[in-house]
Amino acid sequence: MTFWWRDDDAAADDPRLERLLAIAEARAVPIALAVVPERLEAATVRRILACPWVQVLQHGLAHEDHRSQDGRKCELVDRLDLDRRLVAARVMLAERFGERFVPALVPPWNRIEPGLRARLPELGFTGLSTFAGRHSPPPVPGLCQRDTHVDVIRWGEDRRHLDATEIVAALDAAAERHIGPLGLLSHHLVTDASGFVALDRAIGLLQDRPDATFRASDALFRGPAAA
């Protein structure tokens, strides 16, 4: 079984980012870090480059809510002229991270309006990553979509971090519904000490499986688009 790991909202030089990357280093497991380009701090760039297991994806622009037409939180709405900002941010990340940067877009709140999604290859993006739902949008030629399938945070009024066995069980359940690499989604900025322990243990449990592998995002987004 093939897995990949994405963590969102990297921008500030934060102790929780340090804790996250320490897990990747100790476990020797690749992590795709979704970086908010317009909030990125220089110290964060240095820390990311110091961890050989990190590859960088573009997490929208500034993680600002412009609301989609259906009223849900969304930054990447088509009614705003975001194309130039997206390209400028992509170029900046490529300059700062070099070969560590993968030109794949991770929309904040995992939402992007259809018109903008269809233009992503024209803007220089070869990949897109959201969160897998019941229905997959139609493929876009030249765009490889690799979604995450299990969020380690249970959101809502009773928000909590899943424990290790819950994370692994959720991935096993997702494997029955989805074909292709299974994506694990974490959020270091809302993870406490016990959450990091659970995340670390879950990755260890997966690594203990003889048939399990974690793929790096540069190879992942070169493959065929996933459902």
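The following passage describes the overall fold of the protein chain and the local setting of selected residues.

The structure is a predicted model, in which local features require a pLDDT of at least 70 and side-chain atom pairs count only at pLDDT 80 or more, while totals for chains, interfaces and linings use all residues. Residues are numbered from 1 along each chain as its sequence is written, and side-chain values use heavy atoms, with hydrogens and water left out.

Seven helices and eleven strands are assigned in the protein chain, as DSSP runs numbered from the N terminus (helices, H or I, at least four residues; strands, E, at least two). With a radius of gyration of 16 Å, close to the 17 Å given by the globule rule for 227 residues, the chain is as compact as a globular protein of that length. This radius is taken over C-alpha atoms, and the rule is 2.2 Å times the number of residues to the power 0.38. The C-alpha trace spans about 45 × 40 × 35 Å along its principal axes.

Of the 227 residues, 51% are buried (under 20% relative accessible area, with exposed set at over 50% and partly exposed in between; 1.4 Å probe, protein chains only). Among contacts (heavy atoms within 4.5 Å) with a separation of 6 or more, 67% involve residues 24 or more positions apart. The chain exposes about 10500 Å², of which carbon and sulfur atoms supply 51%; accessible areas come from the Shrake-Rupley method with a 1.4 Å probe. The 29 positive and 33 negative charges have mean positions 1 Å apart, where Lys and Arg count as positive and Asp and Glu as negative, His and the chain ends not being counted. Each charge is placed at NZ of Lys, CZ of Arg, CG of Asp or CD of Glu.

Gly60 is located in the loop that joins strand 3 (54-58) to helix 3 (83-97). This glycine is buried, its relative accessible area being 0%. Beyond residues up to four places away in sequence, Gly60 touches Pro37, Glu75, Leu76, Leu86, Leu105, Val106 and Pro108. A C-alpha separation of 9.5 Å is found between Gly60 and Arg85, which lie 25 residues apart along the chain.

Backbone geometry was also examined. Most residues other than glycine have a negative phi. Ala28 occupies the loop between helix 1 (15-27) and strand 2 (31-35) and is partly exposed, with a relative accessible area of 36%.
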